[in-house]
Amino acid sequence: MSFWELIASMLGQGLVITLLTTVLAAVLALVLGFVAGLMRLSKNKFIRFLVAIYVEVFRGTSLLVQLFWIYFVLPMFGITMTAMTAAVLAIGLNFGAYTSEVVRSGIQSVDKGQIEATIALNFTRVQRMRRIIIPQAFIIMLPNLGNQLIELFKSTSLVALITLTDLTYQANVLNATTLQTTQIFTALLVIYFVIAWPMTKGMKLLERKMTEGRM
Amino acid sequence: MWDWYYAFEVLPEIASALGVTIGATVVGFILALILGLIWTLLIRSKNKIVTTVADSIVKFIRNTPLLVQLYFIFYVFPQFGLSLDPFTAGVIGLGLHYSTYLSEVFRSGIESVGPGQWEVATALNFTTKKTWTRIILPQAIPPVLPVIGNYFITMFKETPLLSAITLVEILQTAQNIGAGTFRYTEPLTIVGLLFLLLSYPASIALRQLENRVTARYS
């Protein structure tokens with residue numbers, strides 16, 4: 001294997017981990033975001049309070065601190081997990097908190113007349129949410145959700161610091177072993193850009209498609 | 001599990017590193033504000049080449065992770081003879097990264113100033129500089145102040161990344177203590193609590209500012 005082939009193969013392995021972390025954490029964040037966002041709108045004060053604590057704690061501290069806490073402190077309480085699980089959990093919980101705010105404000109910005117219409121039509125609460133409110137709120141949320149996905153993708157680079165062998169981690173190893181610092185870190189920036197840029201573009205396209213003839 | 005005595009023993013050492021964290025945030029934020037405004041003005045330039053170049057740089061910075069940019073500044077710049085200490089490299093990285101976000105905020109603020117204001121400036125024979133400093137910016141900035149403030153808090157929470165380029169801020173201090181005593185629980189929890197203690201009141205204050213701004217400008 002030639003020198004450059006070795007570099008390409010190591011970065012390739014890292015890229016797989018980066019993408020896997022992104023997908024798993026994004027799914028977790030989306031699910032958590034919807035659950036917490038809906039719970040935030042609950043009539044029960046206690047539920048609202050619990051979710052508010054979750055959201056404020058994860059938005060008020062740094063992702064890196066959360067990542068370290070989950071990976072280094074939880075084992076002290078007998079909860080040990082792999083770097084991958086810790087990474088997905090930390091990023092998912094962190095972005096879930098931000099997503100819940102997007103979900104909450106999206107649902108709240110659906111026109112009041114829509115709720116009145118569902119009451120007039122004798123919809124149940126679940127029907128109202130599923131058929132009327134969420135489909136409209138989702139379109140309002142879409143630009144924000146897209147932005148979050150790109151931020152989430154970029155934030156996966158932090159997992160290198162808890163020794164998960166992602167793209168950034170592999171680049172660091174390569175830098176230490178080959179000393180081709182300029183080439184390796186330039187390649188690393190370019191790889192991230194080549195993935196994030198089409199994502200940004202794609203999100204804008206999706207946004208336009210979904211809002212076509214609606215707004 | 002949780003040792004209060006140990007927690008109080010390490011608290012002063014961690015808190016003393018707060019100066020570095022806040023210093024990096026403030027200097028980085030000032031840099032981000034200045035650079036952000038420069039990007040906005042360059043992108044608005046009539047010269048197509050200037051616009052395209054500035055726009056491409058902003059897009060590239062926005063679509064790559066801050067951590068990798070920090071590595072680049074800290075490890076690649078010295079290859080070209082520009083060695084920076086961790087604080088300077090960190091502040092440049094932080095400032096440069098968030099300048100691209102702030103430039104977007106400034107753009108939306110400027111675009112919300114009505115075309116009539118530009119016409120008035122022309123009618124009154126204001127110079128370009130005067131048009132910006134006396135008419136456009138004083139109207140463009142106040143409505144977006146809450147968003148700008150939000151980025152300040154975001155930057156504050158991103159400073160632990162600077163530990164990756166060996167800056168000894170609060171997270172690195174906690175890590176160092178943990179490495180010495182093999183007890184990470186108290187130091188890392190204290191770091192989290194310090195962040196929460198500082199950023200939560202700030203975000204509440206911002207929400208109030210936001211309410212006042214919405215009441216005034218809409």
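These legends describe close-up views of a predicted model.

**View 1. Chain B is built from helices.** Chain B holds 9 helices and 0 strands. From the N terminus on, its elements run α-α-α-α-α-α-α-α-α. The C-alpha atoms of chain B fill a box of roughly 70 × 50 × 25 Å along the principal axes. Of its 218 residues, 36% count as buried. Take the contacts in chain B between residues at least 6 apart in sequence: 76% of them join residues at least 24 apart.

**View 2. Chain B meets chain A.** Here 29 residues of chain B are in contact with 29 residues of chain A. Which elements of chain B give two or more residues to this side? They are α3 (48-62), α4 (66-76), α7 (128-158) and α9 (185-217) of chain B. The most comes from α9(B), with 9 residues. By class, the side of chain B that touches chain A has 19 nonpolar, 7 polar and 3 charged residues.

**View 3. The largest nonpolar core has members in chains A and B.** This core has 99 residues. Five of them touch the most other members: Leu64(A), Leu67(A), Leu188(A), Leu70(B) and Val191(B). Among the elements, α4(A) gives the most to this core, with 11 residues. In soluble globular proteins, nonpolar side chains tend to be buried together.

**View 4. Leu64(A) touches residues of chains A and B.** Leave out residues up to four places away in sequence. Leu64(A) then touches Leu158(A) and Leu161(A) in chain A. In chain B, Leu64(A) touches Pro160(B), Leu161(B) and Leu171(B). Leu64(A) is also one of the core residues named for touching the most other members.

View 5. The kink in α4(A) is about 25° and is centred on Ala97(A).

**View 6. Helix α6 of chain B is hardly covered.** The helix takes in residues 115-123 of chain B. Of its 9 residues, how many are buried? The count is 0. Just after α6(B) comes Asn125(B), with a positive phi of about 60°.

Note on methods: Residues are numbered from 1 along each chain as its sequence is written. Chains are lettered from A and ligands numbered from 1 in the order in which they are written. This is a predicted model: local features need pLDDT of at least 70, side-chain atom pairs count only at pLDDT 80 or more; totals for chains, interfaces and linings use all residues. Two residues are in contact if their C-beta atoms, placed from the backbone, lie within 7 Å. Helices (H or I, at least four residues) and strands (E, at least two) are DSSP runs, numbered from the N terminus. Ala, Val, Leu, Ile, Met, Phe, Trp, Tyr, Cys and Pro count as nonpolar, Asp, Glu, Lys and Arg as charged, and the others, Gly among them, as polar. A residue is buried if 20 or more other C-beta atoms lie within 10 Å of its own, exposed if 12 or fewer, and partly exposed in between; C-beta atoms are placed from the backbone. The bend at a residue is the angle between axes fitted to the seven residues ending there and the seven starting there. A nonpolar core is a set of buried Ala, Val, Leu, Ile, Met, Phe, Trp, Tyr and Cys residues joined through C-beta atoms within 7 Å.
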